[in-house]
Amino acid sequence: MDSICPIGLQCATEISALLSPPSPLQVQKYYHDLLTARGCSGIKVKQDGNFGKGLYADMDFKEGELVLKDPMLVGAQHPLNKIDCLVCSFCFCFIGSIELQIGRRLYMQQLRANESHGCEVGSSSKHCHEMDSSDEEESTQQCTSGSSKTKVPLPEGIVESLMNGQLVLPFSEKFSLPPAVPCPGGCGEAYYCSMSCAEADWGSSHSLLCTGESSDSARREALLKFIKHANETNDIFLLAAKAISSTMLMYRKLKAVSLEEQMKHNTSCVSNHCNLSILLEAWKPISMGHKRRWWDCIALPDDVDSSDEASFRLQIKMLAFESLQLLKTAIFDKELFSLEIYGNIIGMFELNNLDLVVASPVEDYFLYIDDLTYPNKEEAEKITQPVLDALGEEYSIYCEGTAFFPLQSCLNHSCCPNAKAFKREEDKDGQATIIAQRSICKGEEITISYVDEDLTFEERQASLADYGFRCRCSKCIEEEP
């Protein structure tokens, strides 16, 4: 593979520098600056010689209290989920209107009914499932009027009327959503809740990954091939592309600032060392994540025998190589396009990512209708019940994807954690939300569980082996045979 893509040999110094772990002082400064910029109080990141980074309480937290809201560094909605949920491509809040969300679902439902085939899209493994408040309350949060187990088609023209805004559902104004802002590059794939989100996404990564007509035709064709490959194999490649794009764009921005400063002071710095320093600064957010090569750290699937492990890991490496070649054709950057760098970026997501979950306002809407009293409920359900029956049992689908969160990734594991990832009713976007599971004292490390805490000792240890460590928390010490 090196003979086919020898970038690793050409840029060995740069690649080694990019993959070198940051020093404890660099880690401390980066997270101190990040917490300060975000206005986060009550938590701090500390480096531990035995366990790496950890998140610690800098104040007391009560059970159920919010510990952290963490905006993602990069995130992506699962491709198949885009069919059911129209969300902002930057912050992942729902957009459009209740009618548009329902109309799109019904329209896509009709298309799927007409097409008897489909393909399963791979997705990355999950560091930790982010629960939603409705997960724990599903027995009480069901729409009691219910929806038909067998989907009942709506009369012709209703779906179109929902999508174009001609049909307004009763009380939907109480669940207003931001209007959908199209991608400025005209790709027709990305939509946003505001111009500020559109501009932020364009500046951070999308300007390099947009497949709109305004982009170069050869680059657009290469990007479409890359996206198709990711959709058909593993959408973790889409996250890796965003990480590389964000680093490239930040590098260009920092280099432009550096050149401007040099012109202002009549100095010059064109050495490779100067350029590497700028690249390392742009790479800094990615450098902080714990990394291993993807083909080394990915969990062995249950249906792959241990005797075939070497062959399986080679196949995964080849899959990453194929993806890299497609992406390299579209947005070439020699330092960032080595297989070693690409494999470590994907491995970082494999080891550190969290489910991206945002509850749909469609569920809240139908629950609101269900809670109305006579005669309002009876009048409203004349319109809403046929729609609910057409949607079927799964009348509301969450936005789902994968993301990397810089602070959440610092949370270490415990089989008896004091915190958990949990979306409250007011959490309407893609930020990670960490809630205290019990009282947490100042100075105590904040931990979550990477695995199901109800598993046996042996099952937990086997699952955690995929993360490269053996748990020695108090629960494991007590239960160890």
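Predicted model: local features only at pLDDT ≥ 70, side-chain atom pairs only at ≥ 80, totals over all residues.
## Basis

Residues are numbered from 1 along each chain as its sequence is written. Local features need pLDDT of at least 70, side-chain atom pairs count only at pLDDT 80 or more, and totals for chains, interfaces and linings use all residues, while side-chain values use heavy atoms, with hydrogens and water left out.

## A cis proline

The peptide bond from Tyr374 to Pro375 is cis. Its omega is near 5°. Pro375 sits in the loop between helix 15 (361-371) and helix 16 (376-391). Helices (H or I, at least four residues) and strands (E, at least two) are DSSP runs, numbered from the N terminus.

Phe92 is not a glycine, yet has a positive phi of about 70°. The loop between helix 4 (81-84) and helix 5 (98-114) holds Phe92. Phe92 counts as buried because its relative accessibility is 2%. Buried means under 20% relative accessible area, exposed over 50%, partly exposed in between (1.4 Å probe, protein chains only).

Phe171, also not a glycine, has a positive phi of about 70°. Phe171 lies in the loop between helix 7 (158-164) and strand 6 (181-182). At 23% relative accessibility, Phe171 counts as partly exposed.

## A nonpolar patch

Tyr107, Leu111 and Met163 make a nonpolar surface patch of about 240 Å². Patch residues have over 30% relative accessible area and no salt bridge; like charges are joined within 9 Å, nonpolar side chains (Val, Leu, Ile, Met, Phe, Trp, Tyr) within 5 Å. A salt bridge is a side-chain nitrogen of Lys or Arg within 4 Å of a carboxyl oxygen of Asp or Glu. Accessible areas come from the Shrake-Rupley method with a 1.4 Å probe; for residues, only the protein chains shown count as cover.

Leu111 lies in helix 5. Leu111 is partly exposed, at 33% relative accessible area.
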